[in-house]
Amino acid sequence: MDLRFVNHPGFHRAASAMVVLGAGLSSLAYPLASRLHVAPPLLGGALAIALGAGWAYGAPRRRAALGLLACVPVAIWSTWGALAVMAALVGVALALGSESRARAAAGIALGGGAVMLAAWAGLRIHYAQETVTWSPWLRALTSGAAMGMIGALATLPRHLAWQVDAVLAAARKLPTSLDQEVRQLCDRSVALWGNAKRDLQRDPTSLALLQGGSLKVLEVATRAGAVERAPSGEQALDERIAELERRIEAAADAETKAQYTAAREGLADQRKYHARLRAGRERLVARLHNHVAALEKFHLAAVTLGASEALATDEPMGKQLSELSSDVSASSEALAEVTP
């Protein structure tokens, strides 16, 4: 599983809005905060975090209402309990519109904790000895901006997502009986997929093709494990056939010779079976080599182009990549060739 950070633009909008609004609203809240004997960032910062989420993710009215409601406890009581209630209400504002109940619960819990941390940082800056000589407006602006900046961490549950990597999952299921050559080809395909995820994030078409091709390598290699576990001992069969032929020539009894002859034919059939297995495995390994080489070539071409949209303007390269796609798909024939 991969931990992914999704919707970067939304996070950037929310963070920038929270910082700017935190600085501006805390400065504007200073006159009211001084009368209520409360730190300005607790009023302006809490509202800024809710409003910033509304600007980035929608539902601004409901988030603004919850942000205003969150300012009430700290305006009335100067206690840690009031601060916790404020953080929880802001966490609810941040969790609005979550994709699932589990993500909403995580947003409230982690968001509330981040808001508590942001409030603590705002209070430390506002009442710090180093800032005591600053003008009240500047202290309110700085502490509010700091609260908005740290409060942006409260949006992380919305942006973090676990994704199952199908290629890595298939690689973990490979048989332990693979020989070194097939194992190395699998390792190359997995490494290629890792590079593709890094290099082609903005080219979903090429990324999907490389993922499918890497999965095909691992799928065929899994079937190769069954071939590796097939019966062996062709040399012993040859020796047994040679011994039976000597006995057939030396046998004087017709029934004895017939039994030896039947046994030799059975061993000959086994030898043909082993030959088919050996040829099938050789074809399989050759297909895998061709498959991985085609994937590597496709990856290089896709990275050189920069994005799949460039195919529309580069007809020769587009034709080349189309042919590579056909080569990759053709390697699935190895699955049928493995079965004796």
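This is a predicted model: local features need pLDDT of at least 70, side-chain atom pairs count only at pLDDT 80 or more; totals for chains, interfaces and linings use all residues.
## The overall picture

Let's start with the whole chain. The protein is built from 14 helices and two strands. Of its 340 residues, 41% are buried. If you take the contacts with a separation of 6 or more, 74% of them link residues 24 or more positions apart.

## H2 against H4

Helix H2 covers residues 40-57 and helix H4 covers residues 80-95. Their axes sit 9 Å apart, and the packing angle is about 15°. That angle falls under 35 degrees, so H2 and H4 count as roughly parallel to each other. The crossing of this pair is right-handed.

Who meets whom here? H2 brings Leu42, Ala46, Ile49, Ala50 and Ala53, while H4 brings Leu83, Met86, Val90, Ala93 and Leu94. Sorted by type, the residues in the contact of H2 with H4 come out as ten nonpolar, no polar and no charged.

## H2 against H6

H2 also packs on H6, and the axes of these two helices come within 9 Å of each other. They cross at roughly 40°, and H2 and H6 are therefore oblique to each other. The handedness of this crossing is right-handed.

On the H2 side, the contact uses Pro40, Pro41, Leu42, Gly45, Ala46 and Ile49. Facing them in H6 are Ala140, Ser143, Gly144, Met147 and Gly151. The tally for the contact of H2 with H6 is seven nonpolar, four polar and no charged. Leu42, Ala46 and Ile49 of H2 turn up in the contact with H4 and in the one with H6.

## H4 against H5

H4 has another partner in helix H5, which runs over residues 101-126. Here the axes are 7 Å apart and the angle is about 135°, so H4 and H5 are oblique to each other. H4 passes H5 in a right-handed crossing.

From H4, the contact draws on Trp80, Leu83, Ala84, Met86, Ala87, Val90, Gly91, Val92, Leu94 and Ala95. H5 answers with Ala104, Gly107, Ile108, Gly111, Gly112, Val115, Met116, Ala119 and Trp120. By type, the contact of H4 with H5 splits into 15 nonpolar, four polar and no charged. Leu83, Met86, Val90 and Leu94 of H4 are listed in the contact with H2 and again in the one with H5.

## A closer look at Ser143

Ser143 is one of the H6 residues that meet H2, and its helix spans residues 136-151. Is Ser143 buried or exposed? Its relative accessibility is 0%, so Ser143 counts as buried.

What does Ser143 touch, leaving out residues up to four places away in sequence? The list is Pro41, Gly122, Ile125 and His126.

## Over at Thr205

Thr205 belongs to helix H10, residues 204-228. Its relative accessible area is 53%, so Thr205 is exposed. Where is Ala302 relative to Thr205? The two are 97 residues apart in sequence, yet their C-alpha atoms are 9.8 Å apart in space.

Note on methods. Residues are numbered from 1 along each chain as its sequence is written. Side-chain values use heavy atoms; hydrogens and water are left out. Helices (H or I, at least four residues) and strands (E, at least two) are DSSP runs, numbered from the N terminus. Buried means under 20% relative accessible area, exposed over 50%, partly exposed in between (1.4 Å probe, protein chains only). Contact means heavy atoms within 4.5 Å. Axes are lines fitted to C-alpha atoms, for helices over the stretch in contact, and angles run from 0 to 180 degrees between N-to-C directions. Angles under 35 degrees count as roughly parallel, over 145 as roughly antiparallel, 65 to 115 as roughly perpendicular and the rest as oblique. A crossing is left-handed if the near helix is turned anticlockwise from the far one by less than a right angle, and right-handed if clockwise. Ala, Val, Leu, Ile, Met, Phe, Trp, Tyr, Cys and Pro count as nonpolar, Asp, Glu, Lys and Arg as charged, and the others, Gly among them, as polar.
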